[in-house]
Amino acid sequence: MSSKFSGDETAPFFGFLGAAAALVFSCMGAAYGTAKSGVGVASMGVMRPELVMKSIVPVVMAGVLGIYGLIIAVIISTGINPKAKSYYLFDGYAHLSSGLACGLAGLSAGMAIGIVGDAGVRANAQQPKLFVGMILILIFAEALALYGLIVGIILSSRAGQSRAD
Amino acid sequence: MASTAFSGDETAPFFGFLGAAAALVFSCMGAAYGTAKSGVGVASMGVMRPELVMKSIVPVVMAGVLGIYGLIIAVIISTGINPKAKSYYLFDGYAHLSSGLACGLAGLSAGMAIGIVGDAGVRANAQQPKLFVGMILILIFAEALALYGLIVGIILSSRAGQSRAD
């Protein structure tokens with residue numbers, strides 16, 4: 001004798017896929033950012049090794065994107081709890097959109113951080129006054145992933161709000 | 001002879017087993033790319049600086065660890081699919097699929113990053129030995145992405161079996 005699923009049976013497909021998407025796309029963006037700026041650091045570090053530690057900033061900022069994806073994935077995962085609260089298609093859709101929003105925004109931000117970081121560290125090696133400008137541009141790129149995190153949190157908070165209890 | 005009914009949803013193990021396979025396959029793709037790309041870098045720089053080869057194998061080792069992460073998740077998922085002990089529903093299949101995809105595709109991304117950074121890093125390190133610490137630092141950030149995938153994979157696969165009160 002199996003008990004009935006509390007909600008819509010196929011809804012967790014979308015929910016869990018949202019959690020996976022949040023992490024996977026954010027990690028893709030973080031990987032691109034790490035790789036592209038890492039190559040820039042390696043290239044300029046041959047001639048100016050003393051600037052390497054300052055030039056690792058784009059790599060650190062790219063790594064933060066992975067954390068954003070991890071946060072949303074954990075939020076979604078704890079929100080899928082049919083034993084405590086029925087899980088309907090509404091909730092699955094909310095979680096899927098939340099994961100896609102955070103993940104794909106992180107992917108975009110990671111690509112921007114990589115390209116700007118690569119160009120920035122190479123230019124900074126030739127002109128030290130560029131450091132502040134590079135950091136400023138990287139912060140604007142990082143903000144895009146933050147928007148994704150904000151929208152992801154807003155969307156996943158809509159889950160469970162489809163029916164009066 | 002009547003066959004006994006499947007305990008749970010019949011098509012659920014499709015998703016579950018595919019999740020286990022995806023965890024390993026994509027992680028290994030990432031590990032392979034990382035191994036290959038940094039290996040070529042080691043080979044190129046080793047011609048002129050053979051004494052640095054053993055230090056420069058670090059990116060290859062870090063890429064290999066990604067395969068281990070995929071193996072861990074695949075084994076966790078595989079032991080979680082046990083209809084004889086606990087009914088296996090679509091919920092569990094979806095949880096395992098997402099767990100495997102999260103770990104595997106994060107490992108793929110991390111492997112590509114490790115390969116690209118490792119290749120550039122070992123070549124630059126051969127010209128400027130002070131770069132070694134910086135290269136290791138960047139490689140650790142790349143490896144952390146696969147670790148996030150492992151963490152989320154473990155969290156998601158622990159949701160399996162939690163869909164119905166026993």
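Predicted model: local features only at pLDDT ≥ 70, side-chain atom pairs only at ≥ 80, totals over all residues.
The interface between the two chains involves 43 residues of chain B in contact with 43 residues of chain A. Together the chains bury about 3,600 Å², of which 78% lies on carbon and sulfur atoms. Tyr94(B), Tyr148(B) and Arg164(B) provide 16% of the area that chain B buries against chain A, more than any other three residues.

Polar links between the chains were also counted. Four residue pairs, both members at pLDDT 80 or more, are in polar contact between chain B and chain A. On the side of chain B that touches chain A, helix H4 (90-127) and helix H5 (132-157) each supply at least two residues. H4(B) gives the most to this side, with 19 residues. By class, the residues on this side of chain B comprise 30 nonpolar, nine polar and four charged.

Over all chains, the structure holds seven salt bridges. Arg164(B) is located in the segment after H5 of chain B, and Glu9(A) in the segment before H1 of chain A, so this pair joins two chains. One salt bridge is counted between chain B and chain A. In the salt bridge of Arg164(B) with Glu9(A), the closest N and O atoms are 3.4 Å apart. In general, side chains of opposite charge can pair when their charged atoms come close.

Helix H5 of chain B also packs against a helix of the partner chain. The axes of helix H1 (residues 11-45) of chain A and H5(B) come within 9 Å and cross at roughly 175 degrees. Since angles over 145 degrees count as roughly antiparallel, H1(A) and H5(B) are therefore roughly antiparallel to each other. In this contact, residues of H1(A) including Phe16(A), Leu23(A), Cys27(A), Thr34(A) and Val41(A) meet residues of H5(B), among them Ile138(B), Leu145(B), Tyr148(B), Val152(B) and Leu156(B). The contact of H1(A) with H5(B) consists of 14 nonpolar, three polar and no charged residues.

Within chain B, H5(B) meets helix H3 (residues 58-80), the two axes coming within 10 Å and crossing at roughly 5 degrees. H3(B) and H5(B) are therefore roughly parallel to each other. From H3(B), residues including Val58(B), Met62(B), Leu66(B), Tyr69(B) and Ile76(B) meet residues of H5(B), among them Phe132(B), Met135(B), Leu139(B), Glu143(B), Leu150(B) and Ser157(B). The contact of H3(B) with H5(B) contains 18 nonpolar, two polar and one charged residues.

Within chain A, H1(A) packs with helix H3 (residues 89-126) at an angle of about 0 degrees, with their axes 7 Å apart. H1(A) and H3(A) are therefore roughly parallel to each other. The contact of H1(A) with H3(A) includes 23 nonpolar, 16 polar and three charged residues.

Conventions:
Residues numbered from 1 in each chain as written. Chains lettered and ligands numbered in written order. Heavy atoms only, no water. Contact = heavy atoms within 4.5 Å. Buried area = accessible area lost by both parts, 1.4 Å probe. Salt bridge = Lys/Arg side-chain N within 4 Å of Asp/Glu carboxyl O. Polar contact = N/O pair within 3.5 Å; in protein donor to acceptor, adjacent residues only side chain to side chain. Helix = DSSP H or I, 4+ residues; strand = E, 2+ residues; numbered from the N terminus. Nonpolar A, V, L, I, M, F, W, Y, C, P; charged D, E, K, R; others polar. Axes fitted to C-alpha atoms, helices over the stretch in contact; angles between N-to-C directions. Parallel < 35°, antiparallel > 145°, perpendicular 65-115°, else oblique.
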